[in-house]
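Please find below a short note on the structure under review. The points are numbered so that each may be considered in turn.

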Amino acid sequence: MIAWGQREQLRLRSPARLKFDKARQTDMLLLPERVVNLNPTAGAILWLCDGTRSAHQIIGELEAKYNQSNLQEDVLEFLTQAIERGWIEKCP
Amino acid sequence: MSVSIPYALSAEITHRCPLHCAYCSNPVELAKREHELSTQEWIRVFTEASELGVVQLHLTGGEPLMRPDVDQLIRQARELGFFVNVITSGVGVTEKRMQQLVDAGVDSMQLSIQASEPGLADAIAGSRAHEFKQKTAALIREAGIPLHMNVVLHRQNIHLVEEIIEMCVSWGAIRLELANTQYYGWALLNRQHLLPTRAQLAAAEEAFFRAKARFDRQIELIWVLPDYYEDFPKPCMGGWGEISMTVTPDGTVLPCTAASSIHTLTFESVKERSLEWIWRESAAFNSFRGFDWMAEPCRSCEHRFRDFGGCRCQAYLLAGDARQADPVCQWSPHHELISDILSSLNQDHDEPSVTAPHRPVPSYSYRGRFKKNGGMTGDHI
């Protein structure tokens with residue numbers, strides 16, 4: 001279980017990179033020898049992992065953006081998986 | 001027919017290479033330096049690839065670092081939004097050169113090795129390269145670039161699988177591709193010296209799983225199957241013209257690096273056509289898309305959605321017709337072309353060691369040194 005601090009900022013883990021691909025009209029996560037086609041929700045979460053926001057801030061922004069109040073569980077589950085897969089990391 | 005959007009492009013920016021590996025995936029007819037695309041031509045290819053939807057760019061060769069404009073190509077590729085991977089022999093990488101690659105924006109590097117023993121590794125490469133590779137691995141790591149490594153496995157090094165994995169872990173690799181030799185081009189020419197015995201392969205697979213258990217959290221290990229010993233063929237390239245393409249040094253666009261061996265197809269060049277037209281419209285790229293081109297037994301086979309009939313190059317090179325089932329398939333009418341080779345090899349060699357002790361490797365036709373009349377040259381192409 002990952003503990004989510006109030007101030008721990010999240011960022012993509014080098015060398016992972018996000019790209020909005022015009023040809024497919026979709027967000028993609030580019031990794032060595034791998035490409036992940038992201039669904040709109042996953043893309044929206046990962047674009048916010050830019051080293052300036054904590055998990056709680058990301059949830060807050062997404063809840064405001066989608067006008068919902070119950071995203072915490074889903075977003076934390078996705079962030080947990082993204083950390084386990086090596087896509088993102090907590091800033092040191 | 002629906003044409004997919006490609007993900008990856010392998011740019012063979014030169015066929016020149018300091019190594020002479022007898023299993024090289026380049027064609028036997030290597031492209032000459034004077035026919036290589038210019039910097040501007042490569043940039044146009046990358047721009048067109050980006051518009052087409054390609055997101056992964058592999059700069060390979062030959063040795064891509066033999067092109068002095070490689071930094072410029074990386075920089076342009078990064079500006080176009082590619083994830084840029086450089087596949088290198090590691091020869092000639094200095095601290096300064098590494099810094100130039102980092103400044104240009106290289107995302108990851110894949111370093112080839114030949115064996116875990118320097119003498120054997122150099123004999124396989126036909127070049128004193130192993131000690132450079134260790135230094136290059138350290139430079140890549142110190143630069144903070146993810147280090148991937150690859151080794152082609154064959155009869156002279158397959159007994160070293162566990163030692164090779166240990167070495168790559170100690171060099172700091174985070175991913176290692178252990179690729180059993182695929183028999184095209186130079187490797188097909190040298191097949192009699194490269195194909196391992198069944199006993200060697202079984203021992204190597206055991207060693208692989210032992211090492212995987214030991215190092216599972218430190219390194220991602222990829223085992224590329226030795227398809228001659230499989231019952232069914234590999235889903236080659238994820239399908240012809242489905243996921244990726246290769247552009248050769250002179251600008252010819254291929255569905256895979258070995259495809260130029262299929263002489264019944266005409267492959268178009270970026271010098272005459274746009275990359276998009278070649279990918280979507282050219283006869284060569286459409287030849288084996290979908291399932292209508294298949295002959296029996298593939299045509300009605302349940303495996304066709306999984307393996308696409310296997311490899312078109314292998315069907316052409318062994319069975320003489322690229323539309324046939326890959327002869328690796330146990331249901332192929334040409335399967336004896338594979339099974340006869342394996343049974344004769346495995347009868348002749350009851351012992352795993354088939355190399356005389358006084359020499360590390362047999363009389364390979366070394367890449368770039370072999371002439372069709374059987375003579376050898378010292379030329380570095």
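Which pattern does chain A follow when it is read along the sequence?

1. The model is predicted. Along its sequence, chain A follows the pattern β-β-β-β-α-β-α-α-β. This comprises three helices and six strands.

2. As to overall dimensions, the radius of gyration of chain A is 13 Å, close to the 12 Å that the globule rule gives for 92 residues, so chain A is as compact as a globular protein of that length. Taken along the principal axes, the box filled by its C-alpha atoms is roughly 35 × 30 × 20 Å.

3. Of the 92 residues in chain A, 47% are buried, where buried stands for under 20% relative accessible area. Among contacts in chain A with a separation of 6 or more, 55% are between residues 24 or more positions apart.

4. The surface and the charges may be taken together. Chain A exposes about 5400 Å², and carbon and sulfur atoms supply 47% of this area. Its side chains include 12 positive and 12 negative ones, with the centres of the two sets 8 Å apart.

5. The last point concerns the contact between the chains. The size of an interface is often given as the accessible area lost when the parts come together. Here chain A and chain B bury about 1500 Å² between them, with 50% of it on carbon and sulfur atoms. Which three residues supply more than any other three of the area that chain A buries against chain B? They are R17(A), R24(A) and E33(A), which supply 41% of that area. The contact takes 14 residues from chain A and 24 residues from chain B.

How values were computed: Residues numbered from 1 in each chain as written. Chains lettered and ligands numbered in written order. Predicted model: local features only at pLDDT ≥ 70, side-chain atom pairs only at ≥ 80, totals over all residues. Heavy atoms only, no water. Helix = DSSP H or I, 4+ residues; strand = E, 2+ residues; numbered from the N terminus. Rg over C-alpha atoms; globule rule 2.2 N^0.38 Å. Buried < 20%, exposed > 50% of the residue type's maximum accessible area, 1.4 Å probe, protein only. Contact = heavy atoms within 4.5 Å. Areas by Shrake-Rupley, 256 points an atom, 1.4 Å probe, with all protein chains shown as cover. Lys, Arg positive; Asp, Glu negative; His and termini not counted. Charge placed at Lys NZ, Arg CZ, Asp CG, Glu CD. Buried area = accessible area lost by both parts, 1.4 Å probe.
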